[in-house]
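Me: I have a model open and want to know what backs each label. Can we go through them one by one?

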Amino acid sequence: MSIKPLADRVLVRPAVAEEKTVGGIIIPDTAKEKPLKGEVISAGNGTKDEEMIVKAGDNVLYGKYAGTEIELDGEKYLIMRQSDILAIIE
């Protein structure tokens, strides 16, 4: 399935959460920190007021509560506005 975000929205694949152990105890998935970076999979065309700066393939940083989680073909993604992206990682 292919998704093309509209206007100033971006589809992001979050980075995999790091697995941490504390003194030999494995922290369960529900307690893991939500990743704050990911890869742009696709982006809309922007709006007349806001040019689309990010593009597919960019690695980005975003806010902790940015975007809406969706699941496609068993994989989790975020759809967010370009303004929710804090920086492009180069």
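Predicted model: local features only at pLDDT ≥ 70, side-chain atom pairs only at ≥ 80, totals over all residues.

Me: What is the order of the strands in the open sheet?
Reply: Six strands form the sheet, in the order β6-β7-β1-β4-β5-β8. The pairing is antiparallel. From one strand to the next, the twist averages 40 degrees.

Me: What makes β6 and β8 edge strands?
Reply: Each of them pairs on one side only.

Me: How do you know that β1 and β7 count as paired?
Reply: A pair needs at least two bridges. Strand β1 (residues 9-14) and strand β7 (residues 75-81) are joined by four. So the pair qualifies under that cut-off. The two strands run antiparallel, and Val-12 stands opposite Leu-78 in β7.

Me: How many bridges does β1 have with β4?
Reply: Five bridges, in the antiparallel sense. In this pairing Arg-13 stands opposite Glu-39 in β4.

Me: What joins β6 to β7?
Reply: Five bridges join strand β6 (residues 68-72) to β7, and the two run antiparallel. Thr-68 has Ile-79 in β7 as its bridge partner. The two strands form a hairpin with two residues between them. In the turn, Asp-73 has a positive phi of about 50 degrees.

Me: Why is the contact between Glu-39 and Arg-13 called a salt bridge?
Reply: The cut-off is a side-chain nitrogen of Lys or Arg within 4 Å of a carboxyl oxygen of Asp or Glu. For Glu-39 and Arg-13, the closest N and O atoms are 3.5 Å apart. That is within 4 Å, so the label holds. Glu-39 lies in strand β4 (residues 37-43) and Arg-13 in strand β1, so the pair ties together parts that are 26 residues apart in sequence.

Me: Which salt bridge links Arg-13 to Glu-75, and what parts does it tie together?
Reply: The closest N and O atoms of Arg-13 and Glu-75 are 2.9 Å apart. This meets the 4 Å cut-off, so it is a salt bridge. Arg-13 lies in strand β1 and Glu-75 in strand β7, so the pair ties together parts that are 62 residues apart in sequence.

Me: How many salt bridges does the structure hold?
Reply: Four. One of them joins Asp-58 and Lys-55, with the closest N and O atoms 3.2 Å apart. Salt bridges that share partners also join Arg-13, Glu-39 and Glu-75 into one network.

Me: Why are Glu-39, Arg-13 and Glu-75 given the label they have?
Reply: Glu-39 has 30% relative accessibility, so it counts as partly exposed. Arg-13 also has 30%, so it counts as partly exposed. Glu-75 has 32%, so it counts as partly exposed.

Me: Where is Gly-57, and what is it in contact with?
Reply: Gly-57 sits in the loop between β4 and β5 (59-62). Its relative accessible area is 41%, so it is partly exposed. Leaving aside neighbours within four places in sequence, Gly-57 is in contact with Glu-39 and Val-40. Gly-57 and Ile-41 are 16 residues apart in sequence, yet 6.2 Å apart in space, C-alpha to C-alpha.

Me: What makes up the nonpolar patch on the surface?
Reply: Leu-61, Leu-86 and Ile-89 form the patch, with about 270 Å² of accessible area together. Leu-86 lies in strand β8 (residues 85-89). Membership needs over 30% relative accessible area. Leu-86 has 63%, so it passes that cut-off. At over 50%, Leu-86 is also exposed.

Me: What are the totals for the protein's burial and surface?
Reply: Buried residues make up 26% of the 90 residues. The accessible surface comes to about 6,400 Å², of which 52% belongs to carbon and sulfur atoms.

Definitions and conventions:
Residues numbered from 1 in each chain as written. Heavy atoms only, no water. Patch = residues over 30% accessible without salt bridge, like charges linked within 9 Å, V, L, I, M, F, W, Y side chains within 5 Å. Areas by Shrake-Rupley, 256 points an atom, 1.4 Å probe, with all protein chains shown as cover. Buried < 20%, exposed > 50% of the residue type's maximum accessible area, 1.4 Å probe, protein only. Axes fitted to C-alpha atoms, helices over the stretch in contact; angles between N-to-C directions. Contact = heavy atoms within 4.5 Å.
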